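Keep the viewer open as you read.

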Amino acid sequence: LGVVDSGSYVAKSSETVAEFMGKWMSTYAATNTNLRTQQGYRSQIRRNINTALGSIPVQNLRAPQIQALYASMRRRGLAPRSVLAVHRILKEALSHGVMWGDLARNPADTVTPPKVEKRTISPWEVETFYKFFDCAEDSQFRGVYHVAVLTGLRRAELCGLRWTEVDLDKGELRVFRTLQRITGMGLVE
């Protein structure tokens, strides 16, 4: 069975990695990810992927080039977690290239990102909580700090919280939205 007969034929294209990543962002990412995720993708694509691989025709992209990008990122002092983020973006985008018929295979499938060590986070001791609350006593954000420490809410969740979602009598609050700063858009709920 030939390449054309098997359905694995891909027409030759001069589309670069940068052009392909732009297309992926405006199609897949724009409809399947939230604005905060898209902002993170754009940043990683601009700073790392397009800087190193952007001018390469996407159909000519090979695993050693991707692996070299990861090694370069580590030499520049970037953490394994940052390299893994780039790997996940590239692998996801290129997998869509295969599904869309732009690529015969995904070169990121055979690349190994660095191992990320799991971090253990130790909770504060009771005395530390009291010291923190004492220090925050005169702050205009005292209430926000208390809610954050006592609930574990993230900053975007705290900022998106409304009084209608807080029931002081029952001692409950519900998180329905976040408020985040998105580059070029300001605060987005």
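Start at glutamate 189, which is exposed because its relative accessible area is 54% (buried is under 20%, exposed over 50%, and partly exposed in between, with a 1.4 Å probe and protein chains only). Through salt bridges with shared partners, Glu189 belongs to one network with Arg162, Glu165 and Arg177. A salt bridge here needs a side-chain nitrogen of Lys or Arg within 4 Å of a carboxyl oxygen of Asp or Glu.

Before going on, some ground rules: this is a predicted model, where local features need pLDDT of at least 70 and side-chain atom pairs count only at pLDDT 80 or more, while totals for chains, interfaces and linings use all residues. Residues are numbered from 1 along each chain as its sequence is written, and side-chain values use heavy atoms, leaving out hydrogens and water.

Glutamate 189 meets arginine 177 side chain to side chain in a salt bridge, at 3.6 Å from N to O. Arginine 177 sits in the loop between S2 and S3 and glutamate 189 in the segment after strand S4 (186–188), so this pair ties together parts 12 residues apart in sequence. Helices (H or I, at least four residues) and strands (E, at least two) are DSSP runs, numbered from the N terminus.

Arginine 177 counts as partly exposed because its relative accessibility is 23%. Arginine 177 also forms a salt bridge with glutamate 165, and there the closest N and O atoms are 1.9 Å apart. Since glutamate 165 lies in the loop between H8 and S1, and arginine 177 in the loop between strand S2 (172–173) and strand S3 (180–182), this pair too ties together parts that are 12 residues apart in sequence.

So is glutamate 165 buried or exposed? Glutamate 165 counts as buried, because its relative accessibility is 7%. Leaving out residues up to four places away in sequence, Glu165 touches Gly160, Glu172, Leu173, Arg174, Phe176 and Arg177, where a contact means heavy atoms within 4.5 Å.

How many salt bridges are there by this rule? The count comes to eight. One of them joins the side chains of aspartate 109 and lysine 91, at 3.8 Å from N to O. Aspartate 109 is in the loop between helix H5 (80–99) and H6, and lysine 91 is in helix H5, so the pair links parts 18 residues apart in sequence. Aspartate 109 counts as partly exposed at 46% relative accessibility, and lysine 91 is partly exposed at 34%.

Cysteine 135 counts as exposed at 70% relative accessibility, while cysteine 159 is partly exposed at 46%.

Now for a nonpolar spot. Phe141, Val144 and Tyr145 form a nonpolar patch on the surface, with about 250 Å² of accessible area together. Phenylalanine 141 is placed in the loop between helix H6 (126–136) and helix H7 (142–151), and counts as partly exposed at 41% relative accessibility.

Finally, a word on confidence. The chain averages a pLDDT of 89, and 95% of the residues score at least 70; pLDDT is the predictor's confidence in each residue, from 0 to 100. Over residues 1–6 pLDDT stays under 50, and the model has four contacts beyond four places in sequence for them.

Definitions and conventions. Patches are made of residues with over 30% relative accessible area and no salt bridge: like charges are joined within 9 Å, nonpolar side chains (Val, Leu, Ile, Met, Phe, Trp, Tyr) within 5 Å. Accessible areas come from the Shrake-Rupley method with a 1.4 Å probe; for residues, only the protein chains shown count as cover.
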